[in-house]
Amino acid sequence: MRRFLSLRDFDWTLLGFVLILSVVSVFEIYSATLHTKFVGFYRFQILWLCGGMAMMFLMSVIDYHLLLDIVHWIYGFFMLALVGVLATPKVMGARRWIKLPGGIHFQPSEWVKLVLIVIMARYFAGLVGRELTWKDIFKAIALVAIPMLLVLKQPDLGTSLTYSPVLLVGLFLGGIDWKKGAILILAVILGAGGIWMSGKVLKPYQKARLTSFINPDADPKGTGYQIIQSKIAVGDGGVFGRGATRGTQTQGDFLPIPYTDFIFAAFCEEHGFIGAVIVLLIYFLVLMRLIQNAQTAADLPGTFLVMGVVAVLIFQIAVNVGMVVGLMPVTGIPLPLMSYGGSSVLFTFLALGMVMNVRMSRFVN
Amino acid sequence: MRIILKGIRRRRPERSAAVNREEKVPPAKLMVFQYVIAAVMLVLISGLWRLQVVGAQNYREMAEANRIRKVPILAPRGKILDREGRLIVDNYPSVSCFLVRDQGHDIAADLPLIARGLHMTVDQIQEILKRYRTAPKFQPVPLKQDITPDEQGFIEAHLDELPELETIDEERRLYPNDGFAAHLIGYVGEVSEEMLDDPQYAAYEPGDVVGRSGVEESYDAMLRGVDGSRDVIVDSHGREVGVLGTEPAKPGKDLRLTIDLDIQRAAENALGDRNGAVVALDPHTGEILALVSRPVFDPNKFSVKIGREDWNRLVTDPNHPLLDKAIQAQLAPGSTFKIIMSVAGLQEGIAENLRVDCQGGATFYGHFFACDRRHGMVDIHNAIPLSCDTYYYTLAQKLGIETIAKYAHELGIGEKTGVDLPGEVSGTMPSEEWKLRNFHEKWYAGETISVGIGQGAVAATPIQLARALGGIASGGVLKRPHVVFPGELPAYYRQAVQDSYPGSGDVTVPIDASNWEIITEGMASTTEAGGTAFAAHLDGIDFAGKTGTAQVVSHSAGMDKISSSVAQRPNAWFVGMAPRRNPDIVVAVLWQHGGWGNVSAPIAASVIEAYVDKQRRLHHNLVADTSKPVKDVMTKPVEIGAVWSKPPASEAPRGSPVPALAAIDAGHFRLKPEGE
């Protein structure tokens, strides 16, 4: 029995959860920018969401196998773009964007997430069934490490770190054995330690940000400020929250960038523990639904694709929310579906579109 | 659409090795993900629980501390008024600059700019910040007080660059010009670090303004109000976005002094630029009517922060301008002490019949003790007006030091009077025991002879002499001198003042009526023809008193009386009163290095004249029958109150203030309005 893609097979439940989060995001951006010069940014977010939604639908009808087939070209293109971006002038202390005609700022590092998900899926799906050799492993590491280092050079530590879960998931699902896994973990720890000590790869402010969450009071005016203010904002919310647009930390501009990286802190302050737990629950349901889609995927690459998306999402949620509650360092990783910003919205919806295609494709053929 | 997709799909090469449709990821591996995600969620929720449920109260407070800033509203100090309610010390509006530290703003980098704008040095600012390092962060640090409009403009122009600067309006002390009554009133200043360590100042915080001297200090608790505060909502840039609540400041209470501005002014003018002190009080009650000390300082310079140069000048001046000499100069009282000697001699029954032939001195214990002239036969009646040293040498020898010390102590010599002003000293009344305790030496009988004329180790303050001689003239009733009406103080406060300024207080020393008359008559004769203070004689006023000429170098007493050097010139004392018995006013005058005591008498006379003039302008004090001889009235054995005669011809029309006094009524005035 041959069937074609049908919107009946589209994951409407997943979309429902995603839309709830998007609406929450728009309201919180509205509240968090109310007394800043960014007032009205929630309208842009609505536009981004509409655009993202359209891209999701478009993506959902593009067969992911096509993407798998041409991904090495796309990968090559984006590596060039990442090199190219380093040649651009610095904007706000970093080189992240390429200006395109029409005033669009193209940020290759966001797209690379997607590219890595696809290329890892293709790579590891082909290796399933036999034990991974060191050669296989190093190839995979190289594929991820090249863009990581290029992005780190911009410098953009947060986005760079977001690439690592894709590799981890690939290795895990690709069937790495325990011994190699353990050796790898050890190597990573030693390597990270070496990088830390060498002081070459990481800039001092990046180091400071990474360590300040452990003891933010050591430098309350500098690197610890954001952590302290974020924790105060979250704690200030209490169980029931101070009410929409009533959070003093959010409205008084004490909480840094409350509409992007720290939007969850703003939400926590205004909607309390109950609101925060409900939002986390919805994220949980989204992720569970994605894993379910991975399980039911028609083929291995489909599973790998969806799990790649799951890995990136849970990584971002864990790091962002962890940062907001003071368990994680400040890395500049946005909260997917909540933080303001076109790149983040586009990535999330494109990734979801891909998942939709995987789900819809299982009935095809 | 379907066709396009079909096309795409068809082009998909089947060769792809990656696509193995039969292979599946083991469900167990995906389940691991589910558990990992669940675990991550639980960790995050526990993080939220820790902050939002367990720590909610704590973080709520921190959020409030973030956004609420307490802006102090400084309470104005109470005004200081004279006994008739005329203004002596007022306040004027002023602006102070504060620095707010509790912001995410690097203050250290701004210091050079701030220093330039406020005309300070970076070191000065850092010094101030150091002083406040232990104070809570939300408490603004007072940077500069009483800033100029120019500096105010600087702060306003840099609102955005220097959000940590804040201005606060406050009321600042305005004292009379030229140091008028400066020692009496004292001055205010920022509470010092040493004071903050003192439990007495427990209620004070750094930066508080506190009375540092005079009435400002002794009645600080009364004069200072309670600062209020405004709870302002600010954003992270320190900008005010709202006001949460205001607690108004409670202004300090106005304080009415016993000082009479007219008398004070007369005393200031009378003493002029002379180095010394004048204290005038009402012996019936102990109310101080005037208190002057010279040289003066300008308390207005203290009301902000006194400059180092000004301060150095004040503390290194050999004439000690900061000393309130009325209560802090302890000097040999000279012949004024003879009144105390007379009380002792008469009460002991020795003086009444003592007759001494003065041949310009006498020899005691092998030493010659000089008198200033040959008085011939002297008894107690003329010994006082003539101030014959020989008589009192003899009397001292007969009384002995212990008896003299007993009477002197009873009359308050060597004891604090308990005046409600800070820093009073007790002076010295020597005795055998005193010498043994302080010098571990035996008392030599020869020393008693010098004590008899108020020399030797005897040291008294002007206020002690005013109280003692005024009390003796009042029949032995001595009162605690004070500058604030105790009846106008709350009971607990009245007690606290008495406890804080202990002293002899109110004492009655028994003096027989006949002795009392002898002494007061003697003092009255002092200003009559033949008396030592005849130059200060006041027609129509029953003006009595006693001069004193105290050698500054006591060891050379009687040898080097006339010295060309000013520093060697004796201190000129005069204690005068009117009327002679039960006086209404007693004035003690000290003129350091003034020379003979008679030069001080006119100073006291002008104060008394001013007092009498003033009384005469009041209806109820006028004598109904001016034809009645003054002498008759005054020879009555007991006199109550003053009875004045003969208003001077030049008296100003009743009811309208004298021009010179009009300036005083206005509050702030020059010391010599007519002279400048």
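A residue counts as buried if 20 or more other C-beta atoms lie within 10 Å of its own, as exposed if 12 or fewer do, and as partly exposed in between. The exercises below apply to a predicted model.

**Exercise 1. Describe the side of chain A that touches chain B.**

Step 1. Count the residues: 55 come from chain A and 44 from chain B.

Step 2. Find the helices. Those of chain A that each supply at least two residues to this side include H3 (64-85), H4 (108-125), H12 (263-295) and H13 (300-324). H12(A) gives the largest share, 12 residues.

Step 3. Sort by class: the side of chain A that touches chain B holds 34 nonpolar, 13 polar and 8 charged residues.

**Exercise 2. Work out how H13(A) and H2(B) are oriented to each other.**

Step 1. Helix H2 of chain B spans residues 27-54, and its axis comes within 10 Å of that of H13(A), crossing at roughly 15°.

Step 2. Angles under 35 degrees count as roughly parallel, and therefore H13(A) and H2(B) are roughly parallel to each other. Their crossing is left-handed.

Step 3. List the residues that meet. On H13(A) they are A:Met307, A:Val310, A:Ile314, A:Ala318, A:Val321 and A:Gly322, and on H2(B) they are B:Phe33, B:Ile37, B:Val40, B:Leu44 and B:Gly47. This contact has 9 nonpolar, 2 polar and no charged residues.

**Exercise 3. Locate the bend in H3(A) and name what covers its buried residues.**

Step 1. The bend is at A:Ile70 and amounts to about 60°.

Step 2. Buried residues of H3(A) include A:Tyr64, A:His65, A:Leu67, A:Phe78 and A:Val85.

Step 3. Their cover includes strand E1 (98-100), H4, H5 (134-152), H13 and H14 (342-361), again of chain A.

**Exercise 4. Decide whether A:Thr245 and B:Ser387 are buried or partly exposed.**

Step 1. Most residues other than glycine have a negative phi, and most peptide bonds are trans. A:Thr245 has a positive phi of about 60°, and B:Ser387 has a phi near 55°.

Step 2. Place each residue. A:Thr245 lies in the loop between H10 and H11 of chain A. B:Ser387 lies in the loop between H16 (380-386) and H17 (389-399) of chain B.

Step 3. Count neighbours. A:Thr245 has 15 C-beta neighbours inside 10 Å, so this residue counts as partly exposed. B:Ser387 has 28 C-beta neighbours inside 10 Å, so this residue counts as buried.

Note on methods. Residues are numbered from 1 along each chain as its sequence is written. Chains are lettered from A and ligands numbered from 1 in the order in which they are written. This is a predicted model: local features need pLDDT of at least 70, side-chain atom pairs count only at pLDDT 80 or more; totals for chains, interfaces and linings use all residues. Two residues are in contact if their C-beta atoms, placed from the backbone, lie within 7 Å. Helices (H or I, at least four residues) and strands (E, at least two) are DSSP runs, numbered from the N terminus. Ala, Val, Leu, Ile, Met, Phe, Trp, Tyr, Cys and Pro count as nonpolar, Asp, Glu, Lys and Arg as charged, and the others, Gly among them, as polar. The bend at a residue is the angle between axes fitted to the seven residues ending there and the seven starting there. Axes are lines fitted to C-alpha atoms, for helices over the stretch in contact, and angles run from 0 to 180 degrees between N-to-C directions. Angles under 35 degrees count as roughly parallel, over 145 as roughly antiparallel, 65 to 115 as roughly perpendicular and the rest as oblique. A crossing is left-handed if the near helix is turned anticlockwise from the far one by less than a right angle, and right-handed if clockwise.
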